[in-house]
Amino acid sequence: MVNQTSEASAYSANCKAVAQVFVQTSYHGGEFDQPISMDELVKRTGLSKEDVKDGIDNLGSEMVLFQDDGHSIAPHAKLYAVFDSFWMAWRPADDALTLAKAMVGEKNFPTDPSQISDFMAWEPRRLNPAMTYLACHHLAETHESGNGSPWIYNLLMKNAETSRYVHNMA
């Protein structure tokens, strides 16, 4: 484990085992990134099918799309914003604050994620969870991308909450 967040520590061990598979196999940290079958999830976690189902139930519909055994299980973007800090070398909450500070402090901060990526020197896999953290906490304005690019948003803009967040976290 790299880091832990208080939000993620509220989840069960089964839940974390399921989340770990998604975090470690994700290419972009975005919506439905790397869906997986129930059988493959059982194999990769080493849990029983019932324990995997319990983990998925604990994650809930905000984090995982689960229909039934015949369909793939897919993560929602929020899963990465919460769980990346366990198994990746970054913490989305910290990255979100760094991103918010840049949005507030830089006069010509870009709103396009590909330009933000260049500015921050972060790949999509790191930037997407930071943007998702801001979006989930209403700390920035976003517009979801539906074009299949590595970016889950095609627009990220500061709002009134962005400045308050930066000020309160200073």
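Predicted model: local features only at pLDDT ≥ 70, side-chain atom pairs only at ≥ 80, totals over all residues.
Biologist: Which residues of α6 are buried, and what do they pack against?

Modeller: The buried residues of α6 are Pro92, Asp95, Ala96, Leu97, Leu99, Ala100, Ala102 and Met103, and they pack against α5, α7 (113-120), α8, β4 (153-157) and α9.

Biologist: Why is Asp95 called buried?

Modeller: Buried means under 20% relative accessible area, and Asp95, at 4% relative accessibility, therefore counts as buried.

Biologist: What makes the contact between Arg126 and Asp95 a salt bridge?

Modeller: The cut-off is a side-chain nitrogen of Lys or Arg within 4 Å of a carboxyl oxygen of Asp or Glu, and the side chains of Arg126 and Asp95 meet it with an N to O distance of 2.7 Å. Because Arg126 lies in helix α8 (residues 124-136) and Asp95 in helix α6 (residues 92-105), the pair ties together parts that are 31 residues apart in sequence. Arg126 itself has 26% relative accessibility and so counts as partly exposed.

Biologist: How many salt bridges does the structure hold, and what makes Glu62 and Lys78 one of them?

Modeller: The structure holds 6 salt bridges, and in the one between Glu62 and Lys78 the closest N and O atoms are 2.9 Å apart, which is to be set against the limit of 4 Å. Glu62 lies in the loop between α4 (49-59) and β1 (64-65), whereas Lys78 lies in helix α5, so this pair ties together parts that are 16 residues apart in sequence.

Biologist: Is Glu62 buried or exposed?

Modeller: The word exposed is kept for residues over 50% relative accessible area, and Glu62, at 54%, therefore counts as exposed.

Biologist: Why are Arg164 and Glu161 said to be separated by about one helical turn?

Modeller: They are 3 residues apart in helix α9 (residues 160-169), and the separation is therefore about one helical turn.

Biologist: Why are α2 and α5 called roughly perpendicular?

Modeller: The axes of helix α2 (residues 13-25) and helix α5 (residues 77-87) come within 9 Å and cross at roughly 90°; angles of 65 to 115 degrees count as roughly perpendicular, and α2 and α5 are therefore described in that way.

Biologist: Which residues bring α2 and α5 into contact?

Modeller: Cys15, Lys16, Ala19, Gln20, Phe22, Val23 and Gln24 in α2 meet Leu79, Tyr80, Phe83, Asp84, Phe86 and Trp87 in α5, and by class this contact has 9 nonpolar, 2 polar and 2 charged residues.

Biologist: What makes α5 a mostly covered helix?

Modeller: Of the 11 residues of α5, 10 are buried, among them Ala77, Tyr80, Phe83, Asp84 and Trp87.

Biologist: How do you know that Thr132 is buried, and what is in contact with it?

Modeller: Thr132, which is found in helix α8, has 1% relative accessibility and so counts as buried, the limit being under 20%. Leaving aside neighbours within four places in sequence, Thr132 is in contact with Ala77, Lys78, Ala81, Ile152 and Tyr153.

Notes. Residues numbered from 1 in each chain as written. Heavy atoms only, no water. Axes fitted to C-alpha atoms, helices over the stretch in contact; angles between N-to-C directions. Helix = DSSP H or I, 4+ residues; strand = E, 2+ residues; numbered from the N terminus. Parallel < 35°, antiparallel > 145°, perpendicular 65-115°, else oblique. Contact = heavy atoms within 4.5 Å. Nonpolar A, V, L, I, M, F, W, Y, C, P; charged D, E, K, R; others polar. Buried < 20%, exposed > 50% of the residue type's maximum accessible area, 1.4 Å probe, protein only.
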